[in-house]
Amino acid sequence: MSVAPAIHRLSSASKVLIRSISAHNSLKTFSLTGHRDQACIRSRQFSCYTRPLRSENKVTVHFINRDGEKMTVKGSPGDSLLDVVIDQNLDFDGFGACEGTLACSTCHLIFEEEVYKQLGPITDEEMDMLDLAYGLTDTSRLGCQICLTKSLEGMTARVPESVTDIRQPDMGTTSSS
Amino acid sequence: MNTSRVFVFKQLKSLLRVKCSSAAPSNDLRRLTSTPGSCPKVCVVGGGPAGFYTAQHLLKAHPAVQVDIYERLPIPFGLVRFGVAPDHPEVKNVINTFTQTAQHERCSFHGNVNVGKDVSVQELQQAYHAVVLSYGAEGNRSLGVPGENLSGVYSAKDFVGWYNGLPSNKDLKADLRSETAVILGQGNVALDVARILLSPLDILKKTDITQPALEALAASRVRRVLIVGRRGPLQVACTIKELREMVNLPGTKPEMVTAEFQGIAEALKDLPRPRKRLTELMLKAAQGSCEGGGAEKRWGFRFLRSPVEILPAPDVSRAAGIRLGINRLEGSGEGARAVPTGEVEDVECGLIISSIGYQSLPIDPAVPFDPRKAIIPNRMGRVQEAAGLYCSGWVKRGPTGVIATTMNDSFDTARSLIQDMETGELDISTAKMGSQAVAPLLLKRGVSPVSFSDWEKIDTEEMKRGKAAGKPREKMLDVAEMLKAAHA
């Protein structure tokens, strides 16, 4: 039982390495597997390869949804915040539409200042998509790119309002250019 | 146990609230609140992102609503299949969510049904408690200049439809013999077209681009693509991801006019971050400081230019050039306006692609339509002066935005609908027949609908053919072929 997760981790790490090399060469590999493999390209490159087995290694995180409700869940180090939202069935409308492939901004999360500083480098690719997010702040990141580590224990992430929460009485003007 | 009470409480709470934030099994509440035959029935017209996202939200927010999606083509997904570029497969991941929605026990997909022709909106309103119009924008905005109908001139919508396998664009004969191509418009669709025109074949041949398009591009003589806009660098409508893809496109080099960027560097510091990063990247490309191997292909923006006339070749049957009026800018930022100076310049080119926007068309006399804005007049998705009619997506707010924009917009319409059910604004007290009333009409009219599992047969066959060719799928290009596979 202790061998199998380590092997799994090694093979997903090597998938990640291949993908990150391809990314540098501007060739895209297609997403044939689910969201989990696509997330955390940069972070997983440098993280530990053996998956912790015991539950003491879980990380507690809090989410505040669009209604202001706080939800407390646990995830494993190495999971992205998108993984956690999906695994824990947190019901945020429309969250993670592109399944963690940096093709949308729907997993946009807002962090506290001190937590944000610890979150690790942001790639151009992530920033390009984040630029499209509604309600962008100085402490915004995309949840599919943030991987849990023990140092993020107890952090809170807020799900921002989506565009339509600003009610406009007369919708439907075509954009002029 | 506590948990089941919490679940039921959450469901009751969600019934009372417009915005629903908790999911729960539908079975519990159906026993409590619904009587047989009293499920609200909603019909969605259009099987693209707007239709599917509206359905998704309705199904989640109401434990008994039945949603039927009608789509004119035998196959679902609209612009996700026919608009998103072949080299952007991740963007198409939303299809997985749509598939889940279609397979929901209270949802059914009816393809190959032309609403407005095979069945009227009035007949749908008799069969359903509510009808949501999500049929998008299938028309073009016309350039309105002489020569627009010459051979070699295409709308981006049709060009994209052609390389993406839209049946109605199957016979577009793309003339790619010209060395220079001019694209009018500087949005993401324009950049998609430029990128597909100049992408190395090695990349394209592994995508789901159609075989005829691949062959045409393999024989293409296009080496230079100009992306022309009527305003300046600070007004481009494209986003940075697409621009970065052009800058990094193997085998190409940017070719811009440095004079057109005068004053731009100074304006950078006052720009919001998204616009600032986009402009910085553009400046970098313009200054030629970007890496690009083998410069045999070139692309560039041209600013402050509007089409005045498309110039014919001596034999007058096809385009040989374009006359561009030169503009100056009045005002600044997003609100800046292009004002003609009266000067013109001619560009020699045999391929002109107009990427100035899609346009919705009226579907049925029973549905109000604003011809000036080319949308269905509405307030928060409720069609004005038409009880029981709603709209979502491009037909509601105009043909702009990415899939996520349409997603949020569709959720909005669904919320309005749910709210109307709860307040009684929408009468759901009388039982309606739904698809059981529509099916006999279709049968009588010789229409054979395609179900979602029929689509899955088409899907499987396309993927099988694709595998043989080293592609994710080989799309069928012909409605007759699709129907044959569907009813096999």
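Predicted model: local features only at pLDDT ≥ 70, side-chain atom pairs only at ≥ 80, totals over all residues.

Which residues are buried in α8(B)?

A: Residues are numbered from 1 along each chain as its sequence is written, chains are lettered from A and ligands numbered from 1 in the order in which they are written, and side-chain values use heavy atoms, with hydrogens and water left out.

Start with α8(B). Its buried residues are B:Ala190, B:Leu191, B:Asp192, B:Val193, B:Ala194, B:Arg195, B:Ile196, B:Leu197 and B:Leu198. Buried means under 20% relative accessible area, exposed over 50%, and partly exposed in between (1.4 Å probe, protein chains only). That is nine of 11 residues, so α8(B) is mostly covered. Helices here are DSSP runs (H or I, at least four residues), numbered from the N terminus.

Now its partner. Two packed helices are described by the angle between their axes and the distance between the axes. Helix α7 (residues 156-163) of chain B packs on helix α8 (residues 188-198) of chain B at about 45°, and the axes are 10 Å apart. Axes are lines fitted to C-alpha atoms over the stretch in contact, and angles run from 0 to 180 degrees between N-to-C directions. The two helices are therefore oblique to each other. Angles under 35 degrees count as roughly parallel, over 145 as roughly antiparallel, 65 to 115 as roughly perpendicular and the rest as oblique.

Which residues meet? From α7(B) come B:Ala156, B:Phe159, B:Val160 and B:Tyr163; from α8(B) come B:Val189, B:Asp192, B:Val193, B:Ile196 and B:Leu197. Contact means heavy atoms within 4.5 Å. Eight of these residues are nonpolar, none is polar and one is charged. Ala, Val, Leu, Ile, Met, Phe, Trp, Tyr, Cys and Pro count as nonpolar, Asp, Glu, Lys and Arg as charged, and the others, Gly among them, as polar.

Next, another helix pair. Helix α3 (residues 49-61) of chain B packs on helix α15 (residues 403-423) of chain B at about 45°, with axes 8 Å apart. α3(B) is thus oblique to α15(B).

B:His57 lies in α3 of chain B. B:His57 is buried, at 2% relative accessible area. Beyond its neighbours within four places in sequence, B:His57 is in contact with A:Asp93, B:Phe411, B:Ala414 and B:Arg415.
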